[in-house]
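Here is a short briefing on salt bridges and backbone angles. Please have the sequence and the model open.

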Amino acid sequence: MEDRMKKRVFSPPIVLLFLALSLLLLLPEASATKFNVGDNKFWNPNINYTEWAKGKHFYLGDWLYFVYDRNQASVLEVNKTDYETCNSDHPITNWTRGAGRDVVPLNVTKTYYIISGKGFCFSGMKVAVHVEKLPPPPKAAPVKSGAPTLFSTGHILLTPVVFAVGAAWDAFIHFW
């Protein structure tokens, strides 16, 4: 019987792994959105990118993904005046990296004005996106009296931690 009990004991690395994974479940979720500019039409002439951007919300940490013919188009960030006049002579940032698969990280709250050089801006290859801070999470509804709360229903979030600590303690005792 003791031999069977020893075989069921978890090794300390397994217990630590279980504990680490349990703690990861308690961390808040964060995510960024990748926007494929133009969706399945990509970064090409004769597409209305103002319509494409309409109704989308761009937040800090999101990013724009441009797919285009690297031998023709480019991805240039310009100021508002250059955006309106399609002037690509003095870009703020040249995001073109030569592969035709370029990423623009949206890491500042502002309006990004992006155009393509080589005359393609005049064919509609320009987009303006306004980046804002992520809105705060919605507030929880007030708890009605008598309704179960986090601490009255078995410590839901603490359950994995309690099991991990118990398993670690059990492994420690059987290990020594």
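Contact here means heavy atoms within 4.5 Å. This is a predicted model, in which local features need pLDDT of at least 70, side-chain atom pairs count only at pLDDT 80 or more, and totals for chains, interfaces and linings use all residues. Residues are numbered from 1 along each chain as its sequence is written, and side-chain values use heavy atoms, with hydrogens and water left out.

- Glutamate 77 sits in strand β4, residues 76-78. Helices (H or I, at least four residues) and strands (E, at least two) are DSSP runs, numbered from the N terminus.
- Glutamate 77 counts as buried because its relative accessibility is 4%. Buried means under 20% relative accessible area, exposed means over 50%, and partly exposed lies in between (1.4 Å probe, protein chains only).
- Leaving out residues up to four places away in sequence, glutamate 77 touches Pro91, Ile92, Thr93, Trp95, Lys110, Tyr112, Tyr113 and Ile114.

**Salt bridges**

- A salt bridge is a side-chain nitrogen of Lys or Arg within 4 Å of a carboxyl oxygen of Asp or Glu. That rule gives 2 salt bridges.
- One joins the side chains of glutamate 77 and lysine 110, at 2.7 Å from N to O. This pair links distant parts of the chain, 33 residues apart: glutamate 77 is in strand β4, and lysine 110 is in the loop between β6 (101-105) and β7 (111-115).
- Buried or exposed: which is glutamate 77? It is buried, at 4% relative accessibility. Lysine 110 is partly exposed, with a relative accessible area of 30%.
- Another salt bridge joins the side chains of lysine 54 and glutamate 51, at 2.8 Å from N to O. Lysine 54 counts as exposed, at 54% relative accessibility. Glutamate 51 counts as partly exposed, at 45%.

**Positive phi angles**

- Most residues other than glycine have a negative phi, and most peptide bonds are trans.
- Asparagine 46 is not a glycine, yet its phi is positive, near 65°. Asparagine 46 lies in the loop between β1 (34-36) and α3 (49-53). Its relative accessible area is 70%, so asparagine 46 is exposed.
- Lysine 118, also not a glycine, has a positive phi of about 60°. Where is lysine 118 found? Lysine 118 is in the loop between β7 and β8 (126-132). Lysine 118 is exposed, with a relative accessible area of 58%.
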